[in-house]
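Student: I am new to this structure. Please show me how to read it, one feature at a time.

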Amino acid sequence: MIGWHGSVVLAYFVILDQQSGLRVAHGNSPCEDMAIFGVYVGAPALLGTLLTGLILLRRLLARNRIRSSFALGTAAASPILLLAAAVAGPVLS
């Protein structure tokens with residue numbers, strides 16, 4: 001689960017780095033807007049999905065239905081994966 005969260009954060013920083021060269025005549029650059037969004041919206045959302053994933057992980061372990069640790073971590077990381085898909089959908093299209 002931590003690996004999935006780390007890969008979402010890493011992807012955010014890669015996209016942030018790609019936009020760092022873009023400049024605008026006035027106002028914030030796209031990089032600055034994305035950094036502000038990451039601090040005020042992304043970080044609380046990431047914390048919320050991490051807590052939700054931990055609760056889901058505990059419930060999945062209590063039921064003892066999934067034996068594979070990779071499958072268990074991926075199932076527990078489903079909130080962050082759904083959030084990343086919801087954010088990336090409009091951005092990529």
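Tutor: Start with how elements get their names. Helices are DSSP runs of at least four residues, numbered from the N terminus. Keep in mind that this is a predicted model.

Student: Which loop holds Gly21?

Tutor: Gly21 sits in the loop between α1 and α2.

Student: Is Gly21 buried or exposed?

Tutor: The cut-off for exposed is over 50% relative accessible area. Gly21 has a relative accessible area of 60%, so Gly21 is exposed.

Student: How far apart are Gly21 and Cys31 in sequence and in space?

Tutor: In sequence, Gly21 and Cys31 are 10 residues apart. In space, their C-alpha atoms are 8.2 Å apart.

Student: Where is Asn28?

Tutor: Asn28 is in the loop between α1 and α2. Its relative accessibility is 41%, so Asn28 counts as partly exposed. Setting aside residues up to four places away in sequence, Asn28 touches Asp33 and Ile36.

Student: Now the helices. At what angle do the axes of α1 and α2 cross?

Tutor: The axes cross at roughly 175 degrees, and they come within 11 Å. An angle over 145 degrees counts as roughly antiparallel. Therefore α1 is roughly antiparallel to α2.

Student: Which residues of α1 and α2 meet?

Tutor: From α1 come Ile2, His5, Val9, Tyr12, Ile15 and Leu16. They meet Cys31, Met34, Ala35, Gly38, Leu46, Thr49 and Leu50 in α2. Sorted by class, this contact has 10 nonpolar residues, 3 polar and no charged ones.

Student: Let me pick Thr49 from that list. Is Thr49 buried or exposed?

Tutor: Thr49 lies in helix α2. Buried means under 20% relative accessible area. Thr49 has 10%, so Thr49 is buried.

Student: What does Thr49 touch?

Tutor: Leave out residues up to four places away in sequence. Thr49 then touches His5, Pro79, Ile80 and Leu83.

Student: Where does Leu83 lie?

Tutor: Leu83 is in helix α4. At 31% relative accessibility, Leu83 counts as partly exposed. Beyond its neighbours within four places in sequence, Leu83 is in contact with Ala45 and Thr49. Leu83 and Leu51 are 32 residues apart along the chain, and 14 Å separates their C-alpha atoms.

Student: What about Ser78: which helix is it in?

Tutor: Ser78 is also in helix α4. Its relative accessible area is 25%, so Ser78 is partly exposed. Ser78 and Cys31 are 47 residues apart along the chain, and their C-alpha atoms are separated by 28 Å.

Student: Next, empty space. What shows where empty space is left?

Tutor: Rolling a probe the size of a water molecule over the atoms shows it. Here, the largest pocket has a volume of about 750 Å³. Its lining has 22 residues. Closest to the centre are Val8, Tyr12, Met34, Phe37 and Val87.

Terms used. Residues are numbered from 1 along each chain as its sequence is written. This is a predicted model: local features need pLDDT of at least 70, side-chain atom pairs count only at pLDDT 80 or more; totals for chains, interfaces and linings use all residues. Side-chain values use heavy atoms; hydrogens and water are left out. On a 1 Å grid over the protein atoms alone, a cavity is a set of points where a 1.4 Å probe fits but cannot get out, and a pocket is an open set with protein on both sides within 12 Å along at least five of seven lines; lining residues have an atom within 4 Å of a point. Grid points are joined across faces, edges and corners, and a volume is the space filled by probe spheres set on the points. Axes are lines fitted to C-alpha atoms, for helices over the stretch in contact, and angles run from 0 to 180 degrees between N-to-C directions. Helices (H or I, at least four residues) and strands (E, at least two) are DSSP runs, numbered from the N terminus. Angles under 35 degrees count as roughly parallel, over 145 as roughly antiparallel, 65 to 115 as roughly perpendicular and the rest as oblique. Contact means heavy atoms within 4.5 Å. Ala, Val, Leu, Ile, Met, Phe, Trp, Tyr, Cys and Pro count as nonpolar, Asp, Glu, Lys and Arg as charged, and the others, Gly among them, as polar. Buried means under 20% relative accessible area, exposed over 50%, partly exposed in between (1.4 Å probe, protein chains only).
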